[in-house]
Amino acid sequence: MNAAHTPTPAPSPITHVLAERYASPTMKALWSPTGRIALERDFWIAVMKAQRELGLAIPAAAIADYERVKSQIDLDSIDARERLTLHDVKARIEEFSGLAGREFIHLGLTSRDLTENVEQLQVLRALRLVQFKAAAALSRLAAQAATHRDQLLTGRTHNVPAQPTTLGKRFAMFGEELLSAFTRLGELLGRYPVRGLKGAVGTQLDQLTLFGGDFKKTQKLEQRILKHLGFKAALSAVGQVYPRSLDFEVVTALHQIAAAAASFATTLRLMAGQGLLSEGFQKGQVGSSAMPHKMNARNCERICGFTTILSGYVTMCAGLAGHQWNEGDVSCSVVRRVALPDAFYAIDGLLETWLNVLGQMTVFPAAIAAENARQLPFLATTTILMEAVKAGAGRETAHEAIKEHALAAARALREGDTASAPDLVERLAGDARLGLSETALRKILAEAHRFVGAAPAQVDHFVATSRALAKAHKGAARYAPMKLL
């Protein structure tokens, strides 16, 4: 393989096995060797047609001959040619022209006119697929948030009980992180520029030569190719390669989507360990070869693993950004041939897995209620603090009093001394620093709905926003993910 040229159509077989295994057939087709070569041949034919229309002497019969054989893709034959030429693009030119019996493709082009544009087309189409599946995830998250809008839950910070929230709000919290990533992805898609037909160093010299110095024709040629590829804009002053900081932007956009999924999955793993919910457990599934009772959150673990893989590709692409020599070099090639396809395989597998979890997860309200009952007096301490202040206590004095009693009550619970030791309410009621009677404290605890604050309204806002966005992506709400292994 000639490392001084474009990434090969196939990513490294060593590094991409895991990520590719869980990617959807559509994503695999976008990045497959056969799919890549099919895109290249369509590109060459589109360039020939445009050049002919603008006056170059390319016979219509020649174009027809290329079109007739464009689907005859023999990877072994191309590989044999490349072993001789030690140049991947030259091997594919010879293969296609040999099949057609013509020599009219690649006129006025350099390798990068072909490979940069086709790679960016793969990226563009893959980003659109990711956008669709992220919209589907938003829709499912919104549905789960709406279903559990009012389910009182022990909120945790530092993984320690803190204040009440609702399960719907917890889902909306991670959903809002996905919303930010989804918005960023949409903005990127809206402005993602292609390199265009710029020649060896970006000056369009060879196309200008073909068209007798007619700059308008070279511009028309490029615009027709942009239309063929489906891009809205091309870089205007680019060199041989488009800036690799653009690859960094693409992969970090994928990672930002993954981050929302991983935060959700990490929390679900913690909740599953507490018996509050399950990611779903199918008939015949085994959680452990040794422990028959286990119901591991394996899919959520997979989501976290995919996010770690994406972190690696972010690092790889960061190393390429800002490393261009003059008008271009291709030291980036050996990195990009792995990082770009694999990053998309990883995010696709992650989204497929997340959609399965969102569709199959089971919540256990009784277990959640039992945890709430144990924690509620402690979860209400901030509300009790505010009520004490309203009754005339100093804020810091009340804080210290509540802390003392909360720690003592928690210690008694942990040591099993609940029969003789007073509970937290009794301790607080007996402290004159607070000025709150036991009746007043019990009344506060009886109004548990107060403790979730604006959580239900926040859920409503997330659900409305998510559903509006998902509607813009027809079919996303009904998308059925692959059945996972």
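This is a predicted model: local features need pLDDT of at least 70, side-chain atom pairs count only at pLDDT 80 or more; totals for chains, interfaces and linings use all residues.
Let us begin with how helices lie against each other. Two packed helices are described by the angle between their axes and the distance between the axes. In this structure, helix 7, which covers residues 111-147, packs with helix 8, which covers residues 167-191, at an angle of about 160°, and their axes are 9 Å apart. Since angles over 145 degrees count as roughly antiparallel, helix 7 is therefore roughly antiparallel to helix 8. The crossing of helix 7 and helix 8 is also left-handed. On the side of helix 7, the contact is made by residues including Leu 124, Leu 127, Arg 128, Ala 134, Leu 138 and Leu 141, while helix 8 contributes, among them, Gly 168, Phe 171, Phe 174, Leu 178, Phe 182 and Leu 189. Sorted by class, the residues of this contact between helix 7 and helix 8 comprise 18 nonpolar, five polar and one charged.

Helix 11, made of residues 245-273, and helix 12, made of residues 298-320, have axes that come within 8 Å and cross at roughly 155°. Helix 11 and helix 12 are therefore roughly antiparallel to each other, and helix 11 passes helix 12 in a left-handed crossing. The contact of helix 11 with helix 12 holds 17 nonpolar, five polar and three charged residues.

From helix packing we turn to pairs of charged side chains. Side chains of opposite charge can pair when their charged atoms come close. Across the whole structure, a search finds 31 salt bridges, and a few of them may be followed one by one.

In one of these, the side chains of Asp 42 and Lys 70 meet with an N to O distance of 3.1 Å. This pair links distant parts of the chain, for Asp 42 belongs to helix 3 (residues 33-53), whereas Lys 70 sits in the loop between helix 4 (60-69) and helix 5 (75-85), 28 residues apart. Asp 42 has a relative accessible area of 30% and is therefore partly exposed, and Lys 70, at 31% relative accessibility, also counts as partly exposed.

Another salt bridge joins the side chains of Arg 149 and Asp 150, at 2.8 Å from N to O. Here Arg 149 counts as partly exposed because its relative accessibility is 25%, while Asp 150, with a relative accessible area of 55%, is exposed.

A further salt bridge is formed by Glu 400 with Lys 403, whose closest N and O atoms are 3.6 Å apart. Glu 400 and Lys 403 are three residues apart in helix 16 (residues 395-414), so they are separated by about one helical turn. Glu 400 counts as partly exposed at 33% relative accessibility, and Lys 403 is partly exposed with a relative accessible area of 39%.

Salt bridges can also be joined to one another: Arg 36, Glu 40, Arg 92, Glu 119, Asp 247 and Arg 336 are linked in a network of salt bridges.

Finally, consider a single residue and its place in the fold. Arg 68 lies in helix 4 and, because its relative accessible area is 52%, is exposed. The C-alpha atom of Arg 68 is separated by 40 Å from that of Ala 477, and along the chain Arg 68 and Ala 477 are 409 residues apart.

Conventions. Residues are numbered from 1 along each chain as its sequence is written. Side-chain values use heavy atoms; hydrogens and water are left out. Axes are lines fitted to C-alpha atoms, for helices over the stretch in contact, and angles run from 0 to 180 degrees between N-to-C directions. Helices (H or I, at least four residues) and strands (E, at least two) are DSSP runs, numbered from the N terminus. Angles under 35 degrees count as roughly parallel, over 145 as roughly antiparallel, 65 to 115 as roughly perpendicular and the rest as oblique. A crossing is left-handed if the near helix is turned anticlockwise from the far one by less than a right angle, and right-handed if clockwise. Contact means heavy atoms within 4.5 Å. Ala, Val, Leu, Ile, Met, Phe, Trp, Tyr, Cys and Pro count as nonpolar, Asp, Glu, Lys and Arg as charged, and the others, Gly among them, as polar. A salt bridge is a side-chain nitrogen of Lys or Arg within 4 Å of a carboxyl oxygen of Asp or Glu. Buried means under 20% relative accessible area, exposed over 50%, partly exposed in between (1.4 Å probe, protein chains only).
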